[in-house]
Amino acid sequence: MPNDNPPDHDQQDSEYPATLRITIATAEDAFDEAIDAAEAAESGIQTDAVVSFETAEGVRRLLTDRRLELLQSLMDEPVESITALAERVDRNYSAVHDDVDVLKAAGVVKFRTNGRSKQPFVPYEIIEFDVTIRASASGTDTEVSA
């Protein structure tokens with residue numbers, strides 16, 4: 001039986017932090033950050049959500065111009081379905097569906113269910129890209145033997 005009641009957006013969105021940070025980090029650094037976030041959550045402190053990639057290539061594969069367009073559209077105004085999103089951005093349903101699936105798999109897009117309809121949404125007010133470049137330790141630890 002379809003659910004004729006609209007989803008409670010505020011209640012569902014309150015479980016997400018306001019900001020999503022997309023970072024480039026080693027697996028070890030990402031793990032350490034996740035542990036810190038879990039400890040903060042246990043203390044009642046909400047931290048930013050983080051999606052980390054080990055390489056810049058991973059970020060580039062995720063955030064194509066078309067996917068950034070979808071994110072901006074979803075952040076600007078909710079949609080009732082992927083079909084409605086495809087129509088809004090004037091793109092083929094199949095291509096938009098594939099892009100939304102990629103963004104969902106990365107944890108950037110979420111879905112609400114309203115009856116039989118799956119409604120994609122971005123629960124964050126801000127998405128930040130956090131790219132840090134550091135000198136490698138090997139460049140400063142050169143050993144010279146005589």
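This is a predicted model: local features need pLDDT of at least 70, side-chain atom pairs count only at pLDDT 80 or more; totals for chains, interfaces and linings use all residues.
Visitor: Why is Arg91 called buried?

Guide: Buried means under 20% relative accessible area, and Arg91 has a relative accessibility of 14%, so the residue counts as buried. Its place is in the loop between helix H5 (82–89) and helix H6 (93–105), where, leaving aside residues up to four places away in sequence, Arg91 touches Arg66, Glu69, Leu70, Ala86, Val96 and Asp99.

Visitor: How do you know that Arg91 forms a salt bridge with Asp99?

Guide: The definition asks for a side-chain nitrogen of Lys or Arg within 4 Å of a carboxyl oxygen of Asp or Glu, and the closest N and O atoms of Arg91 and Asp99 are 2.6 Å apart, so the pair meets that definition. The two side chains also make a polar contact (2.6 Å), a term that requires N or O atoms within 3.5 Å. Both Arg91 and Asp99 are buried.

Visitor: Why is the pair Arg21 and Asp130 said to tie together parts of the chain?

Guide: Arg21 forms a salt bridge with Asp130, with 2.7 Å between the closest N and O atoms. Arg21 lies in strand E1 and Asp130 in strand E5 (residues 126–130), so the pair ties together parts that are 109 residues apart in sequence. As for accessibility, Arg21 counts as buried because its value is 16%, whereas Asp130, at 28%, counts as partly exposed, the class between 20% and 50%.

Visitor: Which residues line the largest pocket, and what makes up the lining?

Guide: Among the lining residues are Arg21, Asp130, Glu33, Glu54 and Arg134, and the residues of the lining divide into 2 nonpolar, 3 polar and 6 charged. Strand E1 (19–24) and helix H2 (27–42) are the elements that give two or more residues to the lining, and the largest share, 3 residues, comes from E1. About 300 Å³ of space lies in this pocket.

Visitor: How do you know that Glu57 and Arg61 form a salt bridge?

Guide: The closest N and O atoms of Glu57 and Arg61 are 3.9 Å apart, and the cut-off is 4 Å, so the pair counts as a salt bridge. Both residues lie in helix H3 (residues 56–62), 4 residues apart, which is about one turn of the helix. Glu57, Arg60 and Arg61 are linked in a network of salt bridges, and the structure holds 6 salt bridges.

Visitor: Why do Glu57 and Arg61 fall into the classes they do for accessibility?

Guide: Glu57 has 35% relative accessibility, so Glu57 counts as partly exposed, while Arg61 is exposed because its relative accessible area is 53%, a value over the 50% that the term exposed requires.

Methods: Residues are numbered from 1 along each chain as its sequence is written. Side-chain values use heavy atoms; hydrogens and water are left out. On a 1 Å grid over the protein atoms alone, a cavity is a set of points where a 1.4 Å probe fits but cannot get out, and a pocket is an open set with protein on both sides within 12 Å along at least five of seven lines; lining residues have an atom within 4 Å of a point. Grid points are joined across faces, edges and corners, and a volume is the space filled by probe spheres set on the points. Ala, Val, Leu, Ile, Met, Phe, Trp, Tyr, Cys and Pro count as nonpolar, Asp, Glu, Lys and Arg as charged, and the others, Gly among them, as polar. Buried means under 20% relative accessible area, exposed over 50%, partly exposed in between (1.4 Å probe, protein chains only). A polar contact is a pair of N or O atoms within 3.5 Å; within protein, one must be able to donate a hydrogen and the other to accept it, and residues adjacent in sequence count only if both atoms are side-chain atoms. Contact means heavy atoms within 4.5 Å.
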